[in-house]
Each structure stands twice: as structure tokens, then as C-alpha cells.
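Please keep the sequence and the three-dimensional view at hand while reading.

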Amino acid sequence: MTDHEQFPEGFLWGAATASFQIEGATAADGRGPSIWDTFCATPGNVLGGDTGEPAVDHYHRYPEDIALMRRLNLGAYRFSIAWPRVLPEGAGQVNQAGLDFYDRLVDALLEAGIQPWATLYHWDLPQRLQDAGGWPNRDTALRFADYTRIVADALGDRVENWMTLNEPWCASILSHYHGEHAPGHRDPVAALTSAHHLLLGHGLAAEVLRSTGHTARVGLAHNQAVIRPHGATAEDVRAARRADGVRNRIFTDPLFKGAYPADVIADLADITDFSFVADGDLATVAAPLDFLGVNYYMPEWVAASAKGLDPDAVSGEGGAWLGASPEEVHVSQGLPVTHMGWEVDPSGMFDVLRRLAAESGGIDLYVTENGCAYEDTVTDDGRIHDTDRVDYYEGHVRAALEAVRSGVPLRGYFAWSLLDNFEWAWGYSRRFGLVRVDYDTQERLVKDSGLWYAQLAREGRVPTR
Ligand code: GCO
């Protein structure tokens, strides 16, 4: 047997989920409302009028779901904690029953031999904090640190690996500028202010996690975009630089260099003077991380203008990204797409890992999300032969292995997602699971991709097919 398909000893295989996407039980045991409950309640925001209820009822079915994780041979499970379960009002009175749910979950994971990897914020901000101004309000970062203290005190004796935030770009710019996610605003200043306050919240939470006296490895899960110029022209290269600035470097430069990038400050000068940055903030944000989580799905190509391009390939006219000039656009390359319409290109995974390994100064990297939605069908044999999803995973896992081979300190990989679930603005219409959920019965069924992944996780080598 050759070893060219083999991952290093100890490489961690996991799967990821997020509280609002799977838990359901939105009013159980004293949980308060989150901005996603509010967002879902407004017609037109979420496809089909879907809501977080009942999702996949993981709140009640977690023992069954942990049994599935065992079947998939997972070494780790990345989940998120719902802030409004712990603090229904966002601050103040702790809801012990909500905290107890995570206590039971962590105990059950450890008993099953699965490492719990906890994300503190995967977008379900307590509605009461939104009413007080949400992430554009600096106070939210301080409340996030308070919430972190409560969770770390309760779980820090058993949870070692913590991610403060999931995808700060989504929680700030996608939700406050593009309006696609809760709270659904379209205000560039609010978006940039939110981005800074999320980073500040991350830094403050990191300090809290490190002060508990328990072993805590602190990271965050960042969806670094892989931005490529569509053409080799100076204009397209410039468009790509601008997009990269506001998608990536506006987060990674504060984290790794303790400063906002000068070109981004200049590009955004008409929108903000960055006066939301207070003295000392950037030192807090830039405290060294123990690891970086990388969420990767697809690359993106950008062009300075749609002139001369196939109109069907072009999108985002009039404001493709925050700070874009109205002419700048995204351009699809005609590659195969997933059910999200996202182009499949595993070389983007290799590129993003190489780049972040260089920029993050040698800390451990983990792919904290990678996966795909396809339109699954249950065939007559009662199974789901999702070869498209297996192909996607195989291509990306190979790209991850290539990155490891090239010296990237990649230590693990989490598939998105364990279960089919609530895919945000797409509701339940997009299925990302290794395990299918029948939304009428809540029955779980391991897909072929799940069986493939179970073999990968057991053997630590890419399965032959
Ligand atoms: C994200 C989120 C997940 C999504 C997944 C698929 O990366 O956007 O972390 O919650 O469901 O990425 O879109």
C-alpha cells in the first residue's frame, strides 16, 4: 500500500454545526429571542418563510446525533452556543436551564470520546441586544465578553478548543450592508462599525477565556474569501485587490498585524474615517491566537467592469462588495456548481490554506467548515447515493492533503455539516448534511458521503472508490 493518500498521525476529523441551524426548541427552557427569530418572522427574508423551528430538533435529539457522530468516527464536533439560551436578555440574568443543555452535550460528547469544539457566536445575537443597537453599538462587544465569562466558567473545565466568532464578515458586512442575513440592514457605516466591534469582542473574549485557569486554546472561524481577478488586466487586478481588502484583510490585518490596512482605509474613505477604533482596541484584537479556523467553500472571480463579458456570467452590478465601484462585478467561470450555485474548485482550498499559513505566523490551522449542498434523493434502496457530494469532499480533502505536504500546519478538518439543517436565508431548501434529515419525521439517514467520511476519519487516508 502506498502512503501518498495518508494524512499525518493525529490529524483531527470532525463535523460542524451551529445552534440556530439545528437546535429548534426556540422557546424551550427559557431561551430568549435572537435576531434570527426576528429576521425569519419577516416575510421575504427567508425562502419559504422557514424559521428556526423545529430545525432538526437537536436540542432534544442530541443523544441520537452523538450516536451518529460515533458512526462517522468523528474525533471532534464543532458546535455553537446560543447566547440567548444562556442570557435570554443578552445580559444580566443567567438562564441555568439553557446553560445546562450545553453541559449535558459536552459531557455526552466526552463520554463518546469526541472532543467538543465550541463556537461562542454563530450569529444568533439576543434580540434585546439588537434593540440596544446590536453590533454597531460598542457595548455589544463588552456584553459578548460577559457572556463568554459565564460560558467559560461553566464549560471551561471540559472544553479546551474555543472559537470566539464564526465568520465575522457574515455577521457584519453580509448582514448590515448586503442585508442578506439578520438583522438585514443595508448601511455601510453600520457594517464597518460592526466588523470592528466583532473583532473587539473577539479580543475581549479571548482575554476572558485565557483567564479562567483552565487550558483554553483560542481561535476563531474565518471565511477568508479566495478572490481572483477574472482577467490579467491591471483593472481586474485592482478590483481583486479592493475586494480582497474588504473581504479578507479588513479582518486578518487587525488580527495578525494589529492594524487596518492602509489601502482599505483609503478605499473606504468616502464611507468612514474609522473613528470607531478607540485607543488600545487593536492591541486587544491582535492578541496571539492559538489556532485559526478556516471556512472554505468556493473561490470568486472579480472584474473591473462587465463590459464585453457574457451577461449571464456577471453578478453584483451596482455594489458587488462594500466599497466597490458600481461597475465592479463578480464573474462566474462556468465551472460545475453546487445547489447553492457556488463554483466547485478545490484549488481554492489549497490557495487559502497556503496564504493563511503565511499570514498567521505559523499557528495551527484547522479547516473549520467545508462542504456542499446538493439536491439529494432517497432511491428505491432507501439510500442516498450523493456521489456529487463525495466528489466535492474528495477533491477538497485532497487539496488539504496537498497543503499539508507543502508544509502548511493544518491539523484538522471539519465537514460542514453533520446534518441537513436551516441554511439561513435559504431555509431548509439547501441540504449540506453528511446525514439526511427527513423534515416531516426528523428521521436521520447517513448518506453515502457520510459513509465515505466515516472511512476517511477511521483510516486517516482518502478512501479508494
Ligand atoms: C457559513 C456558516 C454556515 C453555513 C455554511 C453553508 O459558513 O456561512 O458558518 O452556518 O451554513 O457556510 O453556507
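This is a predicted model: local features need pLDDT of at least 70, side-chain atom pairs count only at pLDDT 80 or more; totals for chains, interfaces and linings use all residues.

Is the crossing of α8 and α9 left-handed or right-handed? The crossing of these two helices is right-handed.

Two packed helices are described by the angle between their axes and the distance between the axes. Helix α8 covers residues 168-176 and helix α9 covers residues 188-210; they pack at an angle of about 165°, and their axes are 8 Å apart. Because angles over 145 degrees count as roughly antiparallel, α8 is described as roughly antiparallel to α9. On the α8 side, the residues that take part are P168, A171, S172, I173 and H176, and they meet A190, A191, S194, A195 and L198 of α9. Sorted by class, this contact has seven nonpolar and three polar residues, with no charged residue. The loop between α8 and α9 contains P183. A cis peptide bond joins A182 to P183, with omega at about 10°.

Attention now turns to the strands. Eight strands close into a barrel, in the order β1-β2-β3-β4-β5-β7-β11-β12, and their pairing is parallel. From one strand to the next, the twist averages 25°. Strands of a sheet pair through backbone hydrogen bonds, either parallel or antiparallel.

Strand β3, residues 115-121, pairs with β4 in the parallel sense over four bridges, and T119 stands opposite M163 in β4. β4 also pairs with strand β5, residues 217-222, in the parallel sense over four bridges. Here M163 stands opposite G219 in β5. Why is β4 described as largely enclosed by the rest of the structure? Strand β4 spans residues 161-166, and six of its six residues are buried, so the strand is largely enclosed by the rest of the structure.

Another helix is placed against the strands. Helix α13, residues 347-359, lies across β5, β7 (291-295), β11 (364-369) and β12 (410-416), and runs at about 145° to β11.

H58 is found in α3, which covers residues 58-71. Its relative accessible area is 2%, and H58 is therefore buried, the cut-off for that term being under 20%. Leaving aside residues up to four places away in sequence, H58 touches I22, E23, D65, Y77, F101, L105 and R444.

The remaining features concern backbone geometry in two loops. In the loop between β12 and β13 (435-437) lies S417, and a cis peptide bond with omega of about 15° joins W416 and S417. W424 is found in the loop between β12 and β13 as well. Although W424 is not a glycine, its phi is positive, at about 50°. W424 counts as buried because its relative accessibility is 4%. The loop between β13 and β14 (444-446) contains Q442. Phi of Q442 is near 65°, a positive value in a residue other than glycine. Q442 counts as buried at 7% relative accessibility.

Note on methods: Residues are numbered from 1 along each chain as its sequence is written. Side-chain values use heavy atoms; hydrogens and water are left out. Axes are lines fitted to C-alpha atoms, for helices over the stretch in contact, and angles run from 0 to 180 degrees between N-to-C directions. Angles under 35 degrees count as roughly parallel, over 145 as roughly antiparallel, 65 to 115 as roughly perpendicular and the rest as oblique. A crossing is left-handed if the near helix is turned anticlockwise from the far one by less than a right angle, and right-handed if clockwise. Contact means heavy atoms within 4.5 Å. Ala, Val, Leu, Ile, Met, Phe, Trp, Tyr, Cys and Pro count as nonpolar, Asp, Glu, Lys and Arg as charged, and the others, Gly among them, as polar. Buried means under 20% relative accessible area, exposed over 50%, partly exposed in between (1.4 Å probe, protein chains only). Two strands pair if DSSP finds at least two bridges between them.
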